[in-house]
Protein chains: 2
Amino acid sequence: MALIVQKFGGSSVADATCIQRVARKIVDAKRQGNEMIVVVSAMGDTTDILLDLAYSIHPNPNPRELDMLLSTGEQVTIALLAMAIDGLGEPVISFTGGMSGIITEKVHKKARIQSIQPKRILEAISTGKIVIVAGFQGVTDEGNITTLGRGGSDTTAVALAVATQADQCEIFTDVDGVFTADPRCVARAKKLETIHYDEMLEMAKLGAGVLHPRSVELAQKNKVRLVVRSSFSDNPGTLICEDNLMEKVVVRGISMDDNIARVSVTHIPDKPGVAFSLFSQLAKKHIGIDMILQNLNHEATNDLSFTVSKDDLQDAVTVSQDFLKDLNNKGSLDVKEAVAKISIIGTGITSSAEIASRLFGTLYELGINIDMISTSEIKISCIIDSVNAVRAYEKLHAVFLE
Amino acid sequence: MALIVQKFGGSSVADATCIQRVARKIVDAKRQGNEMIVVVSAMGDTTDILLDLAYSIHPNPNPRELDMLLSTGEQVTIALLAMAIDGLGEPVISFTGGMSGIITEKVHKKARIQSIQPKRILEAISTGKIVIVAGFQGVTDEGNITTLGRGGSDTTAVALAVATQADQCEIFTDVDGVFTADPRCVARAKKLETIHYDEMLEMAKLGAGVLHPRSVELAQKNKVRLVVRSSFSDNPGTLICEDNLMEKVVVRGISMDDNIARVSVTHIPDKPGVAFSLFSQLAKKHIGIDMILQNLNHEATNDLSFTVSKDDLQDAVTVSQDFLKDLNNKGSLDVKEAVAKISIIGTGITSSAEIASRLFGTLYELGINIDMISTSEIKISCIIDSVNAVRAYEKLHAVFLE
């Protein structure tokens, strides 16, 4: 008998029909002899509707009260899913984050889980019940409701798998697993059977959108067997694990992100502390930086480039302008909004010059100019004009993965 | 400085604009030097929407899960109201029923409050915060969420007023207070300045719909100063208290309820235990009985009549048919669906034959036949054909109250 944690996202529980389908899936897994803990998100766009309500009342809602509000979304889902499972004749009980013993920091809107005391969950499991848990939420040790922020429900599922020593954690989504590229952009993208945590982490960070990096990191740290599968089919999905392909250089996937913009401050003085000064100001404004590049320029000045998400561009520009003002306007600002990042991911990829050379060669053949290049152990990313993004995406997939 | 508990119902917090208005009312009261505890219901028809969702998933939803679901309605309101008050610059905190220390029986959908430990509420009050509490809900001592059933939010407010020894409990509604009749039916109905608990209790039970009897009983038992006022005006409302008009016979109000039906079993054997047998069966089916009348008939048989709400009529008929079958079909069933109950309410009313005689005389003059009559210390009720109800209602108001 295996203990399985399953997680169903908002689109899998968007309405009563979806909830009934998810209930049948869970009951099937139970009747195959498994013990089941199920984590669910808020239904469909409930969270957005609640946020709209909040912002119609206050431009900057109190974070504690926002968490009090948003946590109702998952609470609705757990109750409805429990009713549906009850209707299929299986014993079931639903728990909020607090009832599940999920204790978080005293921070609202993006609390981190501090500990889980799964006493009630394990008791219910031991009496044969399916346990339904509200994802994305916990309580402080004072009993105030918190939410976990982005990727919260995935994180709840993995954290519960760790706390209950579950055999497997299955993340259900609206696609069949992790693909070599986004199937909505690249028709010939293929599903992967397995992927290494590190590769998945890069895929996740680079906009593959299936799993939040936070949950992948937590799974890796605790060696949780993590599976991504579809709530609309019975396909086996993609297993994320410490696979044994480490030594072989393989391109595992290609990702593309066109929700970014590139900011460069050029001809700035080449002296210590300049980069620190810029990035500490960006950090103060909570602007997330993705790629950073610095090249030594002629005349002993530097050029510093970085990418940000388009949402943060306006703030990043303001910070950069202030930064240049502080340098007595030595240097200038160059912003490019219409860029995309295309990345090739695979373990050991940068140790193989051949892959980099084929990547650059392919883009050259397409007549696409590369704006920035950045590499890590397992990926190579290029910034290109967004107008060329889909063309490059498809061609690179054909070259490396077909 | 007075400690005031205010309660706002669903129509007072139906949307963002309503919530902003309620927030201003609360802040005004605070700035006049009061300490404020505010109880709110779910917004508008939220509870009905949630119920529809539940019934679309299961014809008979699990009661624990139904409470888990419904309790989110009030939780949404407390968060939004707290945001609105925060926006007006007053310190505020919201609490669910559980956080407020409201402990109930281990019964779902209609739990009774067992105790309140208002520690967190009083702490927040002592630091100058306005406290917003989710009405209609509590938790069991095991930490499961329960709801209080009909009149739940009013009951939460009165119970909190008792537990915190508040100076006054104000129930805000969409009318200006308690009227001599329903202003939607009787245009000349007048607002009462004060009314005795007993009279209010009869008004509430007889369909005046402003306050649930459960909360009035609780207020009376604990001598809570209870005020009914409008959330759409600043009028002082109606004070419900142990007023000192006890000795004077006055008609305080007239109420009408046309959501009832009359069931009679006639010519049944006149022997001990017959009435018990019928009403115990009705009780088992949770059918609420209102008036009961028994007259001795010719030939030593009895006629038993009672009224039920129209919702319960079908069940009541089934029980009555089974009852007659058990009597070997000695007796017959007579059902009248189109009836209304009209009641005159006032302390000491039945000690004055003059009022009864004027009531019957007025109906006689209108050519309206009386089907049943029932009296208590402070009311006289008549069952009449519902087609005559509004005409009788207006005329009796004119005779007794204009």
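Two strands pair if DSSP finds at least two bridges between them; strands are DSSP runs of E with at least two residues, and helices are runs of H or I with at least four, both numbered from the N terminus. This is a predicted model, in which local features need pLDDT of at least 70 and side-chain atom pairs count only at pLDDT 80 or more, while totals for chains, interfaces and linings use all residues. Residues are numbered from 1 along each chain as its sequence is written.

In chain B, strands β17(B) and β18(B) run antiparallel and are joined by 5 bridges. A hairpin of 2 residues connects β17(B) to β18(B), and B:I373 stands opposite B:C382 of β18(B).

| Strand | Residues |
|---|---|
| β17(B) | 372-376 |
| β18(B) | 379-385 |

In chain A, helix α1(A) (residues 16-31) packs against helix α3(A) (residues 63-87) at an angle of about 60°, with the axes 9 Å apart. The axes are lines fitted to C-alpha atoms over the stretch in contact, and angles run from 0 to 180 degrees between N-to-C directions. Contact (heavy atoms within 4.5 Å) involves residues including A:I19 and A:V22 of α1(A) and A:L80 and A:L81 of α3(A).

Methods. Chains are lettered from A and ligands numbered from 1 in the order in which they are written. Side-chain values use heavy atoms; hydrogens and water are left out.
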